[in-house]
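Please examine the structure shown below together with its sequence. The paragraphs that follow lead through a selection of its side chains and the pairs they form.

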Amino acid sequence: MDINAPLVSVILPVFNRRNLVGRAIASVQNQTIDDWELLIIDDGSIDGLEKDILPLIAQKSNFRYMKHANRRLFASRNIGIHASLGHFITFLDSDDEYTARHLELRVSYLKENSDVDVIHGGVELIGDEESFYVQDAFNPEKKIHISECCVGATFFGKKKTFVESGGFKQTEYSAESEFLPRLSKLATVQKVDFPTYRYYTGLEDSICTQRKMSSEKNRLC
């Protein structure tokens, strides 16, 4: 491992969320550890996002910004995985945020449990309780509580493991639901329960909300 490389690479995909992404970025800057890099992966935004991001890149040596044509979340995460320099990799969705000890606790857990390759989980839900229920990736006619789901942005683990896994695959919905069982066959994966990832639910442009609206529309047809 390069001794000059950061300990953690935070991969933050964003698409047209200029009005929200500042909160996510600030939460990374407010971490109790500072041995990290932030990769902002712009998935083809057309809302002027770069006007806010480029000045930050010029000021922060541990910030990086990459932009490509819109290829969806799974592809942006994979691009971040391969571009990252850290020993550990994790993710942050552009409408969410970390609490201050998010990275610290996860680094400590993996250092204390060296046999574990990847962890996930540890979510605080913020929003109307009704929006805590989403479409089940394995049974589209059923709704389940987010606590029963695998929240993709909470994955935290060794870069080597993510690369060897082949990353996230293109799916119609919930790429992490396909990723977790496949990853679990290749590596040691555990779910943690310290709720340091703040997950904002019910936003109009979120995947879960759009999925819900599409399902309700189809029932009316």
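Glu 178 is partly exposed, because its relative accessible area is 29%; the term covers values between buried, under 20%, and exposed, over 50%, computed with a 1.4 Å probe on protein chains only. This is a predicted model, in which local features need pLDDT of at least 70 and side-chain atom pairs count only at pLDDT 80 or more, while totals for chains, interfaces and linings use all residues. Residues are numbered from 1 along each chain as its sequence is written, and side-chain values use heavy atoms, with hydrogens and water left out.

The side chain of Glu 178 meets that of Arg 182 in a salt bridge, at 2.8 Å from N to O. A salt bridge is defined here as a side-chain nitrogen of Lys or Arg within 4 Å of a carboxyl oxygen of Asp or Glu. Side chains of opposite charge can pair when their charged atoms come close. Both Glu 178 and Arg 182 belong to helix H6 (residues 175–186), where they stand four residues apart, about one turn of the helix. Helices (H or I, at least four residues) and strands (E, at least two) are DSSP runs, numbered from the N terminus. Arg 182 counts as buried, because its relative accessibility is 18%.

How many salt bridges does this rule give? The count comes to 12. One of them joins Asp 93 to Arg 77, with the closest N and O atoms 3.2 Å apart. Asp 93 lies in the loop between S4 and strand S5 (97–98) and Arg 77 in helix H3 (residues 73–83), so this pair ties together parts that are 16 residues apart in sequence. Asp 93 is buried at 17% relative accessibility, and Arg 77 is buried at 2%. Arg 77 and Asp 93 are also linked with Glu 176 in a network of salt bridges.

A further salt bridge is formed by the side chains of Glu 97 and Arg 198, at 3.8 Å from N to O. Glu 97 is in strand S5 and Arg 198 in strand S10 (residues 189–200), so the pair ties together parts that are 101 residues apart in sequence. Glu 97 is buried, with a relative accessible area of 12%, whereas Arg 198 is partly exposed, at 28%.

Finally, consider strand S4 (residues 88–91), which contains Thr 90. Is Thr 90 buried or exposed? Thr 90 counts as buried because its relative accessibility is 0%. Leaving aside neighbours within four places in sequence, Thr 90 is in contact with several residues, among them Val 8, Ile 11, Tyr 98, Leu 103 and Phe 155; contact means heavy atoms within 4.5 Å.
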